[in-house]
Amino acid sequence: MGFREIVQFVREREEARRRPAELLLLKFKQVLMLYTLKLILAFFPVASKENIIKLITWYAILFSGKPPSQVKALPEFLATSSFGDIAFRLSRLTSRKALDRLAISFLMDGLIMREEKRLREELQGGAVPYSLLISPTARCNLRCQGCYAANYAVKDELPFPLVDRLVTEAEELGVAVVTLLGGEPFLWGPLLDLMGLHPHMYFLVFTNATLITPDLVNRLKRLGNVMLTLSVEGFEKETDARRGPGTFAKVMAAMDLLRQAKIPFGYSVTATRTNEPVIASETFADFMIARGALMGWMFLCMPVSRNPDLELLPTPEQRVHMLNFVNLVRQTRPIVMIDFWNDAPYVGGCIAGKYYAHINPQGCVEPCIFTHFCQDNIKDKSLKEAMNSEFFRELRRRQPYNDNLYLPCMWIDNPEVSREIYERLPITPCHPGADDILRREDLRQGVDAYCARVREAYRPIWEQEKYEMENFYKIKDTVLRLFAA
């Protein structure tokens, strides 16, 4: 869906809302979609993979607005790709309430029903993040090597009324999912109360998993509108080396509790030069699938902390290896894999300040979890105002930063961008040392050398694949026309 098509889509919806009869029909269809989805989900826990595929296909035929002949390829796609297996695993590893909340709060309400709000804001020159990241506390019970969160003062913490207001604004603005991080988010006392007060918002919680107890699991199960992502660095050797002795065993115990309670969870890994061969291996992916993980996240160890060590960055060759690994997993394994860097072509490059943003424990509104600079504080501004700061608008104006969308980052792939913005705009480092990567000549030279090698490594890959920005709009179009009322 190109820009003109987006304009036309929103205008048609606005005109329909001005006609009472069409508005009533629109609301009726949305209610019908919701109750039909609930009915279908009721069969998921006992349905075979083949019948789950039939249920999904029937739903698409009923509400996509397309004739059955145009949906006939869907069953074969679900049966031959990993998506059918993922749907089946989800039906067996997730409780009925968690499955309902995932499908209704996240997929239906978050991604689909709120898409119009996001498009309308985009047409007005603004932006609504698909995911709003909130770190309510900087406190953590671990001290992991190279962790960016360790740079924030431990005393920094957001008050509950502020976070509650922020989630309310996020839902009204059109945010699809709220991601909670830290520090360690389970050290923030009101966390579960917050999720209980917002049942129509879906929450993704990144945690070190060491504080997960049977009592906590029971409370999470009653909520339903949450998926946990448990951080590891590989197997026991790699995890305990960075996170401390005994950490891996605690994570495995937490996975057992979550799996037994049928609470959906995934895992998160931070790739370094040392652990990349482990975390980007079929053996590790199979191990996590066997433990019950439904999703895997892969990030790079970024040099954005005080006195950063560039030697922790995966080599350009390792980043390419991660790309090939994730593609292999998607073709052969029943798990959703997300590579924060190598998936950039699917979203048009960098999404900082556009499709996601981060509120740190001080209240600073950062465009990216790895960009520790801000212009606004959420204590003084609404979320809508903060998303339209000069800082965020300038980032959106420049995106994508490179024609090669495998090079999305303004810190390690296009460092000239971060340097120019730092010089031009009145942005402030959010912690001491955040600007080391910009000010220290040795780091600048090291990043430039790394950047040159990364560009050379990805050049032939991009020449073969040539993703275009229009591909992203085609993906949005598919989702909209498949489910939107």
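**Exercise 1.** Which residue in β9 is the bridge partner of Ile359?

*Solution.* Keep in mind that this is a predicted model. Start with strand β8, which covers residues 356–359. Its pairing with β9 is antiparallel and runs over two bridges. Now look across from Ile359: its bridge partner in β9 is Val365.

**Exercise 2.** Find the strands that stand at the edges of the open sheet.

*Solution.* First, trace the order of the nine strands: β7-β6-β5-β4-β3-β2-β1-β8-β9, with mixed pairing. Next, check the two ends.

**Exercise 3.** Which strands does α16 lie across?

*Solution.* Locate β5 (265–271), β6 (295–300) and β7; α16 lies across these strands. Then compare directions: α16 runs at about 160 degrees to β7.

**Exercise 4.** Describe how α16 packs with α21.

*Solution.* Begin with the geometry. Helix α16 spans residues 316–332 and helix α21 spans 441–465; their axes are 9 Å apart, at an angle of about 35 degrees. The crossing is right-handed. Then list the contacts: from α16 come Pro316, Glu317, Arg319, Val320 and Leu323, which meet α21 residues including Tyr450, Val454 and Ile461. Finally, sort this contact by class: eight residues are nonpolar, three are charged and none is polar.

**Exercise 5.** How many of the 485 residues, as a percentage, count as buried?

*Solution.* Taking under 20% relative accessible area as the cut-off, 59% of the residues count as buried.

Key. Residues numbered from 1 in each chain as written. Predicted model: local features only at pLDDT ≥ 70, side-chain atom pairs only at ≥ 80, totals over all residues. Heavy atoms only, no water. Axes fitted to C-alpha atoms, helices over the stretch in contact; angles between N-to-C directions. Helix = DSSP H or I, 4+ residues; strand = E, 2+ residues; numbered from the N terminus. Left-handed = near helix turned anticlockwise from the far one by under 90°. Contact = heavy atoms within 4.5 Å. Nonpolar A, V, L, I, M, F, W, Y, C, P; charged D, E, K, R; others polar. Buried < 20%, exposed > 50% of the residue type's maximum accessible area, 1.4 Å probe, protein only. Pairing = 2+ DSSP bridges.
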